[in-house]
Amino acid sequence: MKRRDFIKSSVVAGAALSLNFEGLQAALTSNTMDVQAAPDMVAIMGGEPEAMLDKALEALGGIKNFVKNGDKIVIKPNIGWDRSPEMAGNTNPDLIKALVKRCLDAGASKVTVFDHTCDNWQKCYDNSGIAAAAREAGAIVMPGNEERYFKEVALPKGVKLKSAKIHESLIECDAWFNVPILKNHGGAKFSCAMKNMMGIVWDRRFFHQNDLHQCIADICTWDKKPALHIVDAYRMMHQNGPQGKTLADVATLKSLIASTDIVAIDTAALGMFNQVKKLDMEAISHLKFGEELKLGTTDLKKKNIQRIRL
């Protein structure tokens with residue numbers, strides 16, 4: 001990376017660390033938080049992935065609120081691209097490793113990690129670091145590169161997408177976690193929790209041919225909702241997404257957001273993104289469509305958000 005690009009990324013990252021959506025800056029400045037019962041969302045910053053995950057789960061009542069003894073669990077990261085972790089094209093492998101461990105510690109009988117990748121699945125799994133991290137933690141790593149792994153489900157609430165073939169691991173599991181990375185995306189403009197749902201289906205061409213944003217919202221209407229959405233914002237690709245070109249495309253935020261509301265968590269993540277690069281909500285139609293489908297809210301004032309700095 002050129003020195004001026006490094007300086008730019010460092011300055012941008014410093015600005016992003018303010019995360020000043022809905023008064024977060026005040027909490028961070030005083031290094032305090034409001035201790036509130038059952039928050040709707042937890043925003044963590046300033047730590048390593050495992051520490052931030054643990055703090056988020058603690059604030060939400062613990063991993064056993066989401067994983068029961070004997071459960072078959074699926075973790076769905078973004079593993080779409082043949083990129084190293086430093087490029088921020090895929091979910092941080094340290095976060096996935098920590099989440100697998102927590103699920104098994106909570107009594108899960110099996111934890112499966114998968115994604116339907118865009119690049120060659122083996123290269124994506126290996127070079128992202130996710131396959132090795134997941135296996136080391138005790139997970140089963142399953143591919144999503146063949147149609148035989150997917151089964152048809154109905155989406156009666158969908159507007160354009162009325163059915164889809166969804167990966168069998170999700171259909172058969174007891175609970176699952178949606179763990180995207182926050183980043184720029186050339187087509188959708190913004191990739192986070194809602195966009196990460198495209199990786200659970202086989203035929204993504206339909207999305208691009210039939211109103212991408214509406215189809216993104218439609219797949220989120222599947223009645224088997226994730227137990228929790230965990231947004232990885234340790235590193236964030238702020239331009240040239242979804243793959244990125246150089247490290248100049250990446251800002252280090254050391255942040256994480258967790259919530260059960262897929263629209264709200266993407267709205268909060270957009271606020272974080274906007275501390276690095278301006279992106280209007282109007283450009284991300286799937287947020288509006290998601291709200292219209294009653295998947296969640298873009299009004300963060302309606303949410304009890306706990307903000308923590310490590």
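Biologist: How close do the axes of helix H3 and helix H4 come, and at what angle do they cross?

Modeller: This is a predicted model, and in it the axes of helix H3 (residues 49-59) and helix H4 (residues 93-105) come within 8 Å and cross at roughly 45°. An angle between 35 and 65 degrees is neither roughly parallel nor roughly perpendicular, and H3 and H4 are therefore oblique to each other. The crossing of H3 past H4 is right-handed.

Biologist: Which residues of H3 and H4 meet, and how do they divide by class?

Modeller: On the side of H3 they are Pro49, Glu50, Leu53, Asp54 and Leu57, and these meet Asp94, Leu95, Ala98, Leu99 and Arg102 in H4. By class, the contact of H3 with H4 has six nonpolar and four charged residues, with no polar ones. As a general idea, an α-helix has 3.6 residues a turn, so residues three or four places apart point the same way.

Biologist: How is H4 placed relative to helix H6, and at what angle do their axes cross?

Modeller: The axes of H4 and helix H6 (residues 130-137) come within 8 Å, and they cross at roughly 20°. That angle makes H4 roughly parallel to H6, and H4 passes H6 in a right-handed crossing. From H4 the contact takes Pro93, Ile96, Lys97, Val100, Lys101 and Leu104, and from H6 it takes Ile130, Ala133, Ala134, Glu136 and Ala137. The residues of this contact of H4 with H6 divide into eight nonpolar and three charged, with no polar ones.

Biologist: Are helices H11 and H12 roughly parallel or roughly antiparallel to each other?

Modeller: Here the direction of each helix has to be kept in mind, as the angle is taken between N-to-C directions. The axes of helix H11 (residues 262-273) and helix H12 (residues 285-292) come within 10 Å and cross at roughly 150°, and H11 and H12 are therefore roughly antiparallel to each other. The crossing of H11 and H12 is left-handed. Its contact is made by Val263, Asp266, Thr267 and Leu270 of H11, together with His286, Leu287, Gly290 and Glu291 of H12. In the contact of H11 with H12, three residues are nonpolar, three are polar and two are charged.

Biologist: Which residues of H12 are buried, and where do they lie around the axis?

Modeller: A residue counts as buried when its relative accessible area is under 20%, and in H12 this holds for His286, Leu287, Phe289 and Gly290. They cover an arc of only 165° around the axis, which puts them on the same side of H12. What covers these buried residues of H12 includes strand E9 (189-191), helix H8 (193-196), helix H10 (212-219) and H11.

Biologist: How many residues of H10 are buried, and what do they pack against?

Modeller: H10 is mostly covered, with eight of its eight residues buried. They are Leu212, His213, Gln214, Cys215, Ile216, Ala217, Asp218 and Ile219. The buried residues of H10 pack against strand E6 (163-167), H8, helix H9 (205-209) and H12.

Biologist: Where does the backbone take a positive phi, and which peptide bond is cis?

Modeller: In general, most residues other than glycine have a negative phi, and most peptide bonds are trans. In this model Lys189, which is placed in strand E9, has a positive phi near 75°, and at 38% relative accessibility Lys189 counts as partly exposed. Asn240 has a positive phi of about 60° although it is not a glycine, and its place is in the loop between E10 and E11. At 35% relative accessibility, Asn240 also counts as partly exposed. Just after H12, Lys294 takes a positive phi of about 65°. As for the cis bond, the peptide bond from Gly241 to Pro242 is cis, with omega near 15°, and Pro242 lies in the loop between strand E10 (228-237) and strand E11 (250-259).

Biologist: How many helices and strands does the protein have, and what share of its residues is buried?

Modeller: The secondary structure comes to 12 helices and 12 strands, and 57% of the 310 residues count as buried. Among the contacts with a separation of 6 or more, 75% are between residues 24 or more positions apart.

Methods
Residues are numbered from 1 along each chain as its sequence is written. This is a predicted model: local features need pLDDT of at least 70, side-chain atom pairs count only at pLDDT 80 or more; totals for chains, interfaces and linings use all residues. Side-chain values use heavy atoms; hydrogens and water are left out. Axes are lines fitted to C-alpha atoms, for helices over the stretch in contact, and angles run from 0 to 180 degrees between N-to-C directions. Helices (H or I, at least four residues) and strands (E, at least two) are DSSP runs, numbered from the N terminus. Angles under 35 degrees count as roughly parallel, over 145 as roughly antiparallel, 65 to 115 as roughly perpendicular and the rest as oblique. A crossing is left-handed if the near helix is turned anticlockwise from the far one by less than a right angle, and right-handed if clockwise. Contact means heavy atoms within 4.5 Å. Ala, Val, Leu, Ile, Met, Phe, Trp, Tyr, Cys and Pro count as nonpolar, Asp, Glu, Lys and Arg as charged, and the others, Gly among them, as polar. Buried means under 20% relative accessible area, exposed over 50%, partly exposed in between (1.4 Å probe, protein chains only). The arc is that of the directions from the helix axis to the C-beta atoms.
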